[in-house]
Amino acid sequence: MPKQIKNIKRITYSGLSIGILILLWQGLSYFGIIDYNLIPPPTKVFSAIVEWAKNGELFQDFFTSIWRALIGLIIGSIIGILIGFLTGRSEKMNLILTPVLNVLKAFPPVAMLPIFITLFGIGDFSKIFSIAFATIFPLWVNTHIGSSTIPVEFIRSARLMSKSELNIFFKVIIPASMNSIIAGFRISIAISFIMLYVSELAGASSGLGYQISSSQLAYRTDMMLGALIVLGLTASMVDFIFNRLIKYVFPWVQLNKVM
């Protein structure tokens with residue numbers, strides 16, 4: 001029962017804060033404090049989203065974008081986690097890979113997009129690759145930190161009970177690193193949607209980022225804000241689903257109570 005009350009309380013406060021923000025936005029627009037044409041009120045933005053949904057483009061843009069984002073995120077996450085375990089658990093691999101990765105990490109993913117387009121064209125592959133590239137490094141850093149800071153006593157105790165390094169890896173190292181990995185994954189979710197928007201500005205004919213860009217060029221600020229809100233809600237939805245999934249699959253992980 002206390003857990004149910006806590007969930008109701010969280011939903012109530014979340015809904016209240018969003019409601020106050022929408023009312024404030026509507027009020028500022030209604031009284032002319034903000035320019036109606038530059039920043040349309042929520043009612044006009046909502047009407048634009050409904051119009052977008054009625055012509056069928058919203059769902060097409062949504063599924064196109066989320067497919068690109070999730071594939072890029074999954075590929076980048078797998079690579080980042082694997083490299084993180086390599087550099088975190090092997091001193092030799094750390095010495096070999098970390099200098100190169102630190103250089104690559106310093107390259108802004110947005111600035112790398114023209115190179116990816118040159119190499120792979122303007123199709124989906126360059127967009128997915130740019131998202132994957134951007135999400136590798138938060139997961140590499142967090143996995144490296146999580147796997148390299150496991151107390152030595154944990155490993156020694158595990159070796160007394162099992163001589164299999166593979167068994168120790170799956171039953172000790174991965175669980176002990178999971179908090180850091182999940183923190184890196186949540187950062188990567190946010191970065192993947194930033195890169196999704198940027199990548200869809202170049203050579204895309206559909207997607208949420210494309211809709212934002214085309215609406216801005218047509219001076220449809222209501223549609224532009226609507227598409228931006230849908231993009232933000234999509235990223236929040238992916239993060240929410242990920243959190244719920246983690247609680248069921250890895251119940252020992254201590255997630256931030258507020259988030």
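Two domains divide this protein: domain 1 covers 1-34 and domain 2 covers 38-255. The model is predicted. Between the C-alpha centres of domain 1 and domain 2 the distance is 28 Å. A nonpolar patch of about 480 Å² of accessible area lies on the surface.

**Domain interface**

- On the domain 1 side, six residues make contact, and they meet nine residues of domain 2.
- About 560 Å² of area is buried between domain 1 and domain 2.
- Carbon and sulfur atoms give 64% of that buried area.
- The number of salt bridges between domain 1 and domain 2 is zero.

**Nonpolar surface patch**

- The patch is formed by Ile115, Leu119, Phe120, Phe125 and Phe129.
- Their accessible area together is about 480 Å².
- Two helices, α5 (109-120) and α6 (124-148), each supply at least two residues of the patch.
- Helix α5 gives the most, with three residues.

- Phe129 belongs to helix α6.
- Its relative accessible area is 33%, so Phe129 counts as partly exposed.
- Patch residues need over 30% relative accessible area, and Phe129 has 33%.

Notes: Residues are numbered from 1 along each chain as its sequence is written. This is a predicted model: local features need pLDDT of at least 70, side-chain atom pairs count only at pLDDT 80 or more; totals for chains, interfaces and linings use all residues. Side-chain values use heavy atoms; hydrogens and water are left out. Patches are made of residues with over 30% relative accessible area and no salt bridge: like charges are joined within 9 Å, nonpolar side chains (Val, Leu, Ile, Met, Phe, Trp, Tyr) within 5 Å. Accessible areas come from the Shrake-Rupley method with a 1.4 Å probe; for residues, only the protein chains shown count as cover. A salt bridge is a side-chain nitrogen of Lys or Arg within 4 Å of a carboxyl oxygen of Asp or Glu. Helices (H or I, at least four residues) and strands (E, at least two) are DSSP runs, numbered from the N terminus. Buried means under 20% relative accessible area, exposed over 50%, partly exposed in between (1.4 Å probe, protein chains only). Domain bounds come from an automatic or database domain assignment. Contact means heavy atoms within 4.5 Å. Buried area is the accessible area (1.4 Å probe) that two parts lose on being put together, summed over both.
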